[in-house]
Amino acid sequence: MEEAKVKLLVYATPDERTRIKLAATKLGMSMTQFMLDTIMEQVVSVEELERKGAESK
């Protein structure tokens, strides 16, 4: 599992990693949990948009 965490952060610049870490710390979360929660929020938003689009057709 540790390897997967590292791969995700490879795409972030050092400044982005610092910002992620600070935001996660403010919420009492690990960087990984913070990123997962944020990504899942986006997934839910996309799914809701898809449902609304399907309902309006």
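The legends below accompany close-up views of a predicted model.

**View 1. The protein chain as a whole is built from helices, with 3 helices and 0 strands.** Read along the sequence, the elements follow one another in the pattern α-α-α. Of the 57 residues in the protein chain, 12% are buried, and the chain exposes about 5000 Å², of which carbon and sulfur atoms supply 60%.

**View 2. Helix H2 covers residues 14-26 and is followed by Gly28.** The 13 residues of H2 should span 18 Å at 1.5 Å a residue, and because its end C-alpha atoms lie 18 Å apart, the computed span agrees with that expectation. At Gly28, which comes after H2, phi is positive and near 70 degrees.

**View 3. Helix H3 runs through residues 31-55 and has 25 residues.** From its first C-alpha to its last, H3 reaches 36 Å, which is close to the 36 Å expected at 1.5 Å a residue. The buried residues of H3 are Met31, Phe34 and Met35. As background to the spacing of positions along such an element, an α-helix has 3.6 residues a turn, so residues three or four places apart point the same way.

**View 4. Helices H2 and H3 pack against each other at an angle of about 90 degrees.** Their axes are 9 Å apart, and the two helices are therefore roughly perpendicular to each other, since angles of 65 to 115 degrees count as such.

**View 5. The contact of H2 with H3 brings together residues from both helices.**

Terms used:
Residues are numbered from 1 along each chain as its sequence is written. This is a predicted model: local features need pLDDT of at least 70, side-chain atom pairs count only at pLDDT 80 or more; totals for chains, interfaces and linings use all residues. Side-chain values use heavy atoms; hydrogens and water are left out. Helices (H or I, at least four residues) and strands (E, at least two) are DSSP runs, numbered from the N terminus. The expected span of a helix is 1.5 Å times one less than its number of residues. Buried means under 20% relative accessible area, exposed over 50%, partly exposed in between (1.4 Å probe, protein chains only). Accessible areas come from the Shrake-Rupley method with a 1.4 Å probe; for residues, only the protein chains shown count as cover. Axes are lines fitted to C-alpha atoms, for helices over the stretch in contact, and angles run from 0 to 180 degrees between N-to-C directions. Angles under 35 degrees count as roughly parallel, over 145 as roughly antiparallel, 65 to 115 as roughly perpendicular and the rest as oblique. Contact means heavy atoms within 4.5 Å.
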